[in-house]
Amino acid sequence: MRLNYDYYQMSNLSQPDSQRGGELTFNAGPMNLDGIFLAGEENSENYIFVDQQNLLNESNKEEPDHILDGYEFIVDRILYIGRSFYSNDIGTDIASVLALLRTHEGLEQNLALSLKLLNTLNERARRLSPSQPGDSNGIIDLQRDIQRHAERILSKANDRKIKLGEALEFHHFHSDYLSWTLWTSSMQKIVTGNDFAYGLEEIEGIIKRHQKIKAEMEDRASTCLAFKQFGQRLLDSRNYASGDIVHLLGNITQAQKDLEEAWETRRNSLCLWREILRSENQPDSDDGLLALVHTKSPSPTKTMAWLPLTSLALVLAVAWAGISKNEDLECMFLGYPDLEYDGFDRTEVLSEKNFNKTIFAEDSKSVVFFNDVEEDDSELDQYECFLQLSAQIMTKRGYNFYTVNTTKEQKLRRQEEVEKGEDTIHVYKDGYKIEYNGVRDPETFVSWLMDIPDDPVTIINDEHDLEEFEDLDDECVRIIGYFEPGSVALKEFEEAAEDFMGEIEFFAVVTSKWARKVGLKRVGEVQMRRPFEEDPLFAPTSADTEEEFEEWVEKHREPVMAKLTLDNYFNVWRDPEEEEKMILAFVDEETREGRAMKKLLDKIADENSEHAGTLEIVLIDPDEFPLMVDVWEDMFGIDIEEGPQIGLVDISEREGIWFDISQVNLDDPKKHSDSNFEALQSWIDQILSGSISLDDDDDDNEPEPPAPPPPTKGKRSKKEL
């Protein structure tokens with residue numbers, strides 16, 4: 001058999017695929033590739049020769065046809081391998097470049113095996129030459145052509161290996177660049193913070209912390225120098241990405257310069273502020289900042305020469321606000337003798353003109369109190385103290401405090417979905433709006449504010465996350481879903497969770513291990529766990545968009561029983577919807593009767609889960625609200641301290657119909673478990689059917705007043721504590 005292959009196929013390697021004359025095949029016909037590729041994967045670049053020995057044995061006969069078959073095999077292998085060396089793919093990151101290098105090393109090994117086989121065939125062809133000179137001349141010409149193209153492919157292999165090495169170095173350089181810019185960005189936020197102090201001890205502490213930042217910057221300087229030297233070495237070696245490297249080095253130099261200037265500006269501002277506070281503590285000092293500036297320098301311009309105008313303006317603004325104290329406002333932190341209100345006003349009034357640009361500024365964290373309290377209102381001082389005491393703690397942690405008068409700012413009230421006449425607090429952080437529903441107490445509010453999660457969804461990845469999820473059992477409504485990491489459904493789930501921050505806790509798992517631990521069986525499964533109910537609710541399998549998740553959560557979010565806490569007070573203690581029946585259950589869980597009643601109510605809540613949205617049981621532990629016990633007893637005419645009390649109530653009308661506790665035996669609850677449940681369930685059934693109703697107490701002879709207009713749907717009003 002004579003090998004009649006097309007030389008164009010080999011010389012055509014250097015052209016793009018779209019311009020080549022055809023596939024790299026031989027006119028001698030298709031080869032039998034059985035045994036040449038592992039697992040028969042002909043398109044795999046990571047092939048390994050497994051049948052070379054058989055081929056050598058066949059060509060060992062030293063007959064022309066058998067030797068030509070061997071050369072045909074070699075040409076096919078070399079061409080196949082050579083195509084990969086002409087690829088322009090050099091990866092997009094460190095991982096992809098390393099994968100390409102591993103593939104390249106495998107190809108080089110296979111090319112070396114092919115060349116070794118070529119040498120073996122050349123030796124056998126040399127032994128054939130004396131006996132068959134006619135055939136040997138054609139073989140010699142063939143050997144030269146194969147050798148020439150093999151050398152070209154070896155050259156391309158070497159060039160590609162160098163290019164991949166350069167790509168790996170560049171991506172290491174780019175990775176270091178990203179790490180450095182991330183650090184400088186975070187340091188910029190810290191250095192340019194606005195946590196000005198209102199006392200000498202505080203400002204000294206801030207200055208010390210600021211000096212520590214300088215020490216960290218100096219420690220990082222050596223890292224930055226090494227990074228620049230790495231970049232220069234790449235430039236000296238004429239790396240293919242030299243243009244990008246020059247640009248990135250320029251960015252780093254500028255970022256380092258900006259950070260140092262920001263640190264210096266901040267230090268000057270802090271030092272000036274310390275001087276202002278010192279002057280305020282000197283009885284014989286001139287009052288006012290301008291007097292201080294003149295005493296520091298014969299000419300104010302000399303002071304401004306070392307302090308940038310923008311920083312001076314900032315200090316002036318803060319100083320002017322700090323010097324003016326609330327002389328008439330007397331507030332105190334109850335129970336904390338070493339903690340005193342310093343008298344500084346830290347709140348600002350917002351209007352429609354400046355609300356959006358102030359609240360939605362980048363990286364801002366804001367607390368906004370929406371109220372309709374007028375200046376002559378008796379509640380004004382109470383609200384003012386709550387805000388000022390909270391602000392004294394939280395402004396140091398980056399929060400700003402504002403007030404909005406909803407009577408004057410009607411349009412702004414509607415924009416932020418605040419009900420008319422309602423006093424409420426919104427927290428704006430990281431692009432999220434979170435409503436605070438707890439009591440207006442600084443300690444409760446500050447504790448809640450510090451615990452606000454950074455993300456609307458907690459991904460369960462360890463035992464700590466799992467413990468956090470389990471600890472919320474019976475505390476609040478929880479939503480948990482099982483998603484593929486980085487999936488579109490998970491993103492939609494997170495966006496839906498944003499609208500419920502502060503009210504409903506959202507969790508997710510992205511691995512089968514943690515899915516099993518929380519009771520999820522399939523990807524895409526979403527459950528709602530409501531307090532005091534054993535069985536979860538399952539979202540429809542078709543729900544996978546933000547709107548569908550929100551609709552499902554909104555429809556089922558109301559549990560049958562919820563426990564009143566300091567954090568959810570105004571979300572639970574409120575007028576029920578028109579068709580909703582509210583039952584208050586005062587249960588001291590530290591007493592024997594209280595524990596028995598609590599277990600009975602747990603069973604009632606679980607058995608009546610289908611009545612969620614119609615039946616609402618509010619569980620109240622009097623020990624958690626000792627100051628309210630007398631108020632509730634006077635409001636409903638009951639004795640809470642005597643034992644458990646359960647009643648159908650109307651909060652606004654301050655009236656209720658109370659269950660006869662003597663119908664249940666709480667001394668031996670195990671023995672009377674069934675009869676206790678039947679008695680309480682029968683009473684609840686009568687409430688649901690309308691047989692027991694607060695309307696029954698109305699005077700039948702009294703003329704009925706005109707029917708009030710139907711209540712508006714949407715967010716329900718809160719009752720003040």
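Which residues are buried in helix H21 (residues 629–636)? The account below takes up this helix after an overview of the chain.

## Basis and overall composition

This is a predicted model, in which local features need pLDDT of at least 70 and side-chain atom pairs count only at pLDDT 80 or more, while totals for chains, interfaces and linings use all residues. Residues are numbered from 1 along each chain as its sequence is written, and side-chain values use heavy atoms, with hydrogens and water left out.

The secondary structure comes to 22 helices and 15 strands; helices (H or I, at least four residues) and strands (E, at least two) are DSSP runs, numbered from the N terminus. Of the 721 residues, 44% count as buried, where buried means under 20% relative accessible area, exposed over 50%, and partly exposed in between (1.4 Å probe, protein chains only). Among contacts (heavy atoms within 4.5 Å) between residues at least 6 apart in sequence, 75% join residues at least 24 apart. The chain exposes about 39100 Å², of which carbon and sulfur atoms supply 47%; accessible areas come from the Shrake-Rupley method with a 1.4 Å probe, and for residues only the protein chains shown count as cover.

## Helix H21

The buried residues of H21 are Val629, Trp632, Glu633, Met635 and Phe636. Seen down the helix axis, they fall within an arc of 165°, so they line one face of H21; the arc is that of the directions from the helix axis to the C-beta atoms. The face turned away from this buried side carries the exposed residues Asp630 and Asp634.

The buried residues of H21 pack against helix H19 (569–572), S12, S13, S14 and strand S15 (655–658). Just after H21, Gly637 takes a positive phi of about 65°.

## Nonpolar cores and Gln645

A nonpolar core is a set of buried Ala, Val, Leu, Ile, Met, Phe, Trp, Tyr and Cys residues joined through side-chain atoms within 4.5 Å. The largest has 30 residues, and those with the most contacts inside it are Ile583, Met597, Leu601, Ile646, Leu680 and Trp683. At least two residues of this core come from each of strand S12 (581–586), helix H20 (592–607), strand S13 (615–620), strand S14 (645–650) and helix H22 (673–689). A second, separate core of 23 residues includes Leu68, Ile81, Leu142 and Ala150.

Leaving aside residues up to four places away in sequence, Met597 touches Val587, Pro644, Ile646, Ile661, Val664 and Leu666. Gln645 lies in strand S14 and is buried, with a relative accessible area of 11%.

An open sheet of 5 strands has the order S6-S8-S7-S9-S10, with mixed pairing; two strands pair if DSSP finds at least two bridges between them. Strand S6 (457–459) and strand S10 (537–538) stand at the edges, each with a single partner strand, so one side of each lacks a neighbour in the sheet. Strand S7 (residues 478–482) and strand S9 (residues 526–529) pair in the antiparallel sense over 4 bridges, and Arg478 stands opposite Arg529 in S9.

Helix H18 (residues 546–556) packs on the sheet, touching S7, strand S8 (505–509), S9 and S10. Its buried residues are Glu546, Phe549, Glu550, Trp552 and Val553, and they cover an arc of only 165° around the axis, which puts them on the same side of H18. The opposite face of H18, turned away from its buried side, carries the exposed residues Glu547, Glu551 and Lys555.

Terms used
Axes are lines fitted to C-alpha atoms, for helices over the stretch in contact, and angles run from 0 to 180 degrees between N-to-C directions.
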